[in-house]
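Hi,

Here is the structure I promised to send over. Have a look at it first, and then read on for what turned up.

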Amino acid sequence: MKSKTRYWGSVQFYKHLILSIVALLILVPSSGFFVMLSRHWKLKQTYRLAMEEHTFYIEQLEERLSTAESQQEETNAKMVLTSKGAVVMQGENETPSQTAEQTLTIPFAVDLCSWQYILVNDWNPLSRSFQPDLADTRHGKQVDRRIKSSLERMMDDAREEGLDLRICSAYRDYEKQASLVQNSIEELLEAGNNYEEAYWQTRRRLALVGTSEHHTGLAVDLVGVTHQTLDDEQADTPEAKWLAEHAHKYGFILRYPKEKEELTGIEFESWHYRYVGEQAAAFIKENQLCLEEFIALAEQ
């Protein structure tokens with residue numbers, strides 16, 4: 001009668017064990033490599049699509065800008081600004097006297113070539129050659145040198161009232177803006193959105209490269225130290241309420257107010273403030289305008 005050969009602890013057992021370990025050492029890294037390769041390819045495709053969309057968008061923008069000058073006289077003849085700051089079209093039944101009563105008048109001289117009135121939005125991209133004169137300010141940020149004292153004076157006055165304002169974003173170069181846009185698209189894709197959804201969600205909350213006010217050094221995102229998230233709740237913080245009430249005294253306006261999204265191209269942001277000078281800021285606040293409306297009024 002043959003005795004049974006013990007497998008556990010035998011040479012054959014150790015041979016199989018070693019082979020299994022070697023196989024795992026090969027398969028596990030290989031699997032990880034292929035996962036990383038797949039993710040890299042997906043991100044590369046996403047980036048390519050984003051760049052194609054951006055290029056197409058810029059081409060359309062340039063086409064609109066090339067025809068803007070020829071259309072300016074016709075537009076100015078048809079558009080007036082009501083006392084509430086809304087752009088309306090003159091109807092056939094309106095008389096000149098009725099229109100004159102509705103039109104606002106800026107009570108001070110406005111030189112639209114002046115640096116504080118530079119308009120940057122989806123329809124007015126900023127040239128890549130634009131170079132602001134920057135100065136270091138608080139919290140490791142940079143702003144246009146000419147607004148630094150007004151900004152810091154506003155923050156100091158807020159602190160005297162017990163409010164600790166933080167600059168969470170100020171000047172951004174093209175590369176930084178491109179990175180923010182791309183990261184937002186990738187995060188939304190990973191959350192289960194398709195590319196179109198991710199792109200347009202990003203567009204609603206971030207300006208594309210070249211169309212962000214942060215390129216100018218004239219815009220800052222301001223929050224309170226106790227709530228630094230840029231969300232809907234930010235508007236209810238004491239700091240946001242103080243800024244909404246007092247920022248114009250220092251030459252700053254709430255750049256993207258409610259119910260102006262169609263004119264600004266950006267959703268309401270309670271934290272984004274833009275320097276325009278004290279006179280303009282007071283007029284804009286008093287008449288509930290956005291910068292686009294103020295510029296349109298000044299052009300007339």
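Some housekeeping before the rest. This is a predicted model, where local features need pLDDT of at least 70 and side-chain atom pairs count only at pLDDT 80 or more, while totals for chains, interfaces and linings use all residues. Residues are numbered from 1 along each chain as its sequence is written, and side-chain values use heavy atoms, with hydrogens and water left out.

His139 has a phi near 60°, which is positive in a residue other than glycine. His139 is partly exposed, at a relative accessible area of 30% (buried is under 20%, exposed is over 50%, partly exposed is in between, with a 1.4 Å probe and protein chains only). Gln288 also has a positive phi without being glycine, near 55°. Gln288 sits in the loop between helix 8 (278–286) and helix 9 (291–299) and is exposed, with a relative accessible area of 59%.

**The chain as a whole**

The chain has 9 helices and 8 strands, and 39% of its 300 residues count as buried. Its accessible surface is about 18,300 Å², with 53% of that belonging to carbon and sulfur atoms (Shrake-Rupley, 1.4 Å probe; for residues, only the protein chains shown count as cover). Of the contacts with a separation of 6 or more, 68% are between residues 24 or more positions apart (a contact is heavy atoms within 4.5 Å).

**Cores**

In soluble globular proteins, nonpolar side chains tend to be buried together. A nonpolar core, as used here, is a set of buried Ala, Val, Leu, Ile, Met, Phe, Trp, Tyr and Cys residues joined through side-chain atoms within 4.5 Å. The largest one has 20 residues, and Leu151, Met154, Val220, Trp242 and Phe252 touch the most other members. Two or more residues each come from helix 3 (148–160), strand 5 (165–169), strand 6 (219–224), helix 6 (238–246) and strand 8 (269–275). Helix 3 gives the largest share, 4 residues. Another core lies apart from this one, with 15 residues that include Tyr117, Ile253, Phe283 and Leu297.

What does Val220 touch, beyond its neighbours within four places in sequence? Its contacts include Leu151 and Phe252, along with Val143, Ile167, Trp271 and Tyr273.

**Pocket and cavity**

Rolling a probe the size of a water molecule over the atoms shows where empty space is left. The search runs on a 1 Å grid over the protein atoms alone: a cavity is a set of points where a 1.4 Å probe fits but cannot get out, a pocket is an open set with protein on both sides within 12 Å along at least five of seven lines, and lining residues have an atom within 4 Å of a point. Points are joined across faces, edges and corners, and a volume is the space filled by probe spheres set on them.

The second largest pocket holds about 740 Å³. It is lined by 31 residues, and the closest to its centre are Arg205, Leu206, Leu230, Glu269 and Trp271. Helix 4 (174–190) is one of the elements that supply at least two lining residues, and gives the most, 6. By class, the lining has 11 nonpolar, 8 polar and 12 charged residues (nonpolar: Ala, Val, Leu, Ile, Met, Phe, Trp, Tyr, Cys and Pro; charged: Asp, Glu, Lys and Arg; polar: the others, Gly among them).

As for cavities, the whole structure has 1 of 30 Å³ or more. The largest has a volume of about 30 Å³, and its lining includes Val120, Asp122, Tyr256 and Ile266.

**Two residues to look at**

Ser184 is in helix 4 and is buried, with a relative accessible area of 5%. Ser184 and Thr202 are 18 residues apart in sequence but 6.1 Å apart in space, C-alpha to C-alpha. Beyond four places in sequence, Ser184 contacts Thr202, Arg205 and Leu206.

Asp164 lies in the loop between helix 3 and strand 5 and is partly exposed, at 23% relative accessible area. Its C-alpha is 8.4 Å from that of Val223, 59 residues away in sequence.

Cheers
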